Amino acid sequence: MSPSSFFRIAVAVLLAGLVMPAAHAQVAGGEVGYDESLEAISPTGETPGAGLAGSDPADIGRYLLAQNGGVSSARLSPDGETVAFLWSITGEAQVWTMPATGGQPQRLTYGTGIRFFRWTPGGDLLYGADDDGNEQEAYFRINAAGTDERRVLPAVSGGFRAFGDFLADDTVAYASTERNRLDYDLYVADLSTDDSGGGEPRLVFEGTFGFFVRSASPDGRYAVVSETVGEDSDNLYLLDLQSGDLDTLSKPERRANHTRGGIAWAPDGSGFYLATNRDRDFAALAFYRLGANGESGGFETIAAAEGDAEEVTLCGEGGRFLVWSVNDGGYSRLQARDLQAKAGSDEAVVDAPDLPEGVYGLHCTTGAPRLAITIDGWRTPGSVVVWDLDSGAVHQPFTASLGGLDPERLVRPQSITLPARDGVTVQGLLYLPDDASRAAAGTDDGPPPVVFFVHGGPTAQSRPTFDPVVQYHVDRGLAVFEPNVRGSTGFGHTYVTLDDQERRLDSVRDLVDMLTWLGEQGLVDADRAAVVGGSYGGYAVNAVLAAYPGHFAAGAALYGVADWVTALEVASPGLKASDRIEYGDITEPRWRAFYEENSPIRQADRIDVPVLYSHGARDPRIDIAETEVMVRTLRARGVPAPYVRFLDEGHGWRKLANRLFYYRYQATFLEDVLGVATSEEITPAE
């Protein structure tokens, strides 16, 4: 489940006569609902190392370090001369910069919890940082030399922000829940002074649930605003930042997405480019034209394909080059046009350079005809390529390090499509170990055991990006399958709606159908299968083990939903409107009754296989108490349920030491229950 929650509550659950103890522990920032008396495993504070480079197979730490050798979110400076990115080489994400054509990386930030950054129009950087994963960001400004840094907006206790865009070098628009801790309102703030004096943010528009600033017009007067409608969709508005008037641009009867690929304004403010699936199954590249005074215009389709148009951006002076990516079977395909060339001419199409396959992040500036491309692929954990669209020159200022791993040992996934029992075609990515890996692990007698990794969301997609845990398991002789059950994105609007409300359990059933089919095809040993997932994927683990016992031999649920009644009651205001479409309105008796019956926490007594649970004490999205009830319930019935609890993490593990600790433990747990030769790193606790 993806929403942030704005309440810290202790879940009071009565299940089979089992009542949670009332004792709670404290962490910095307030009370959290974890139970100190529940036996849990926590890191010792020691920094784990990694196995020797080239060892056969390498320690999982080597794979995790390889992921930290890559970067994310590369963005060009306004003049196109410098590229900034997030890099976790030190163990936590920090902002780094380097020349766009290559050179020495320079570290800019030294704090914890860096969540995003943006270049200011004048060439400084703005970044947001939270407190150990609580997602309550303060904003900071730092110059490009890294010599002058100050806080420009303090964190709001119990409130959340979502950055929007710059209106000018010292002025930003953003969304925040600071008014009532419930609804996202839209604000404008002057950042020219720090938070100790002046620059009080100005409330422009009072929202309900989730309203967010997506992009500001070139003159800073208007902002494109989205309203969340389902986890995969939104309505689109134009906000006059001076008057506060909000005009509807697109509010279709059949919900649609307008902002997943970003908003790219024409330099003259006449409209903007976007990717939208309005009135179509797959998102197309479109242009929305505005009237002379910002009044509503209409959509013009620019390009459409059998796959979603994704990131959209304009590069170069006057917005000369239009660049976008297309999701082609999970891989990104780059497209570009010269808007100053004659439409339909050969010169209008700009041939993209050859790039490593994977998923691309795009960013450019109107200050130079350069495009920064972040590449995350199964063999490329975050490299950066800078493409000069005018000259055609390609630079690679940052090449991801594999941390001593042999790239030939990394496995390219196979795209598998298969029929579910009701006839719906579902898809997933299958990673199969080679003969040498299987022989070393003792899994070469018949099909290999398999681990299912279920993505979160639920509106997300497993794509062929670099996943160190997946590649490690494959190197250890296990098959890995990443299912894109119904409800996943990337397969069209119809597919993403197939798990809405009452059909939620159909997506859980897909996991069983996929396992059965893979076993029948002789691709995996379906009798030795485990299922793993985090967040909504953690729910899927709990749900499939409870609803379909006898199929998976073990599970690992990371910070997952166990009780939808509680989860939907405390869900993020930004997603409450989405939840009503995705799951149903929990305030209505019919939906409360549905989830009281069908939440895994009500069926936990049916789970009869070992499950590894884990949760961060600072998680603002899913209450840690949900995990602890599952742990307690399984243990009361004699079912092994080891539990890893992090006091300094939120919704996921961001710190390298914690990731090393957890994933070593998880790997050993899974190999133990699936009968694979295990390492000597950690012995799973009962």
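How many of the six residues of strand β17 (residues 211-216) are buried? Select β17 and see: five of the six are buried, so the strand is mostly covered. Buried means under 20% relative accessible area, exposed over 50%, and partly exposed in between (1.4 Å probe, protein chains only). Strands (E, at least two residues) and helices (H or I, at least four) are DSSP runs, numbered from the N terminus.

A word on the model. This is a predicted model, in which local features need pLDDT of at least 70 and side-chain atom pairs count only at pLDDT 80 or more, while totals for chains, interfaces and linings use all residues. Residues are numbered from 1 along each chain as its sequence is written, and side-chain values use heavy atoms, with hydrogens and water left out.

**Stop 1: the hairpin**

β17 and β18 pair in the antiparallel sense over five bridges; two strands pair if DSSP finds at least two bridges between them. Pick Phe-211: Glu-227 in β18 stands opposite. Now go to the turn. Five residues lie between the strands, and Gly-220 takes a positive phi near 80°.

**Stop 2: the disulfide**

Select Cys-315 and Cys-364. A disulfide joins them, S to S 2.1 Å. The term covers a pair of cysteine sulfur atoms within 2.5 Å. The structure holds one disulfide. Cys-315 lies in strand β25 (residues 309-315) and Cys-364 in strand β28 (residues 359-365), so the pair ties together parts that are 49 residues apart in sequence. The torsion about the S-S bond is about -90°, so the disulfide is left-handed. Cys-315 is buried at 0% relative accessible area. Cys-364 counts as buried too, at 8%.

**Stop 3: the sheet**

Stay with β28. Select the open sheet of four strands, in the order β28-β29-β30-β31, with antiparallel pairing. β28 and β31 (394-398) stand at the edges with a single partner strand each, so one side of each has no neighbour in the sheet. Neighbouring strands are turned by 25° against each other on average, direction ignored. Inside, β29 (residues 368-377) and β30 (residues 380-388) pair over eight bridges. Click Ala-372: the bridge partner in β30 is Val-386.

**Stop 4: two helices**

Finish with helix α1 (residues 60-68) and helix α11 (residues 656-674). They pack at an angle of about 140°, with axes 9 Å apart. Axes are lines fitted to C-alpha atoms, for helices over the stretch in contact, and angles run from 0 to 180 degrees between N-to-C directions. The contact (heavy atoms within 4.5 Å) includes Leu-64 and Leu-65 of α1 and Leu-660 and Tyr-663 of α11.
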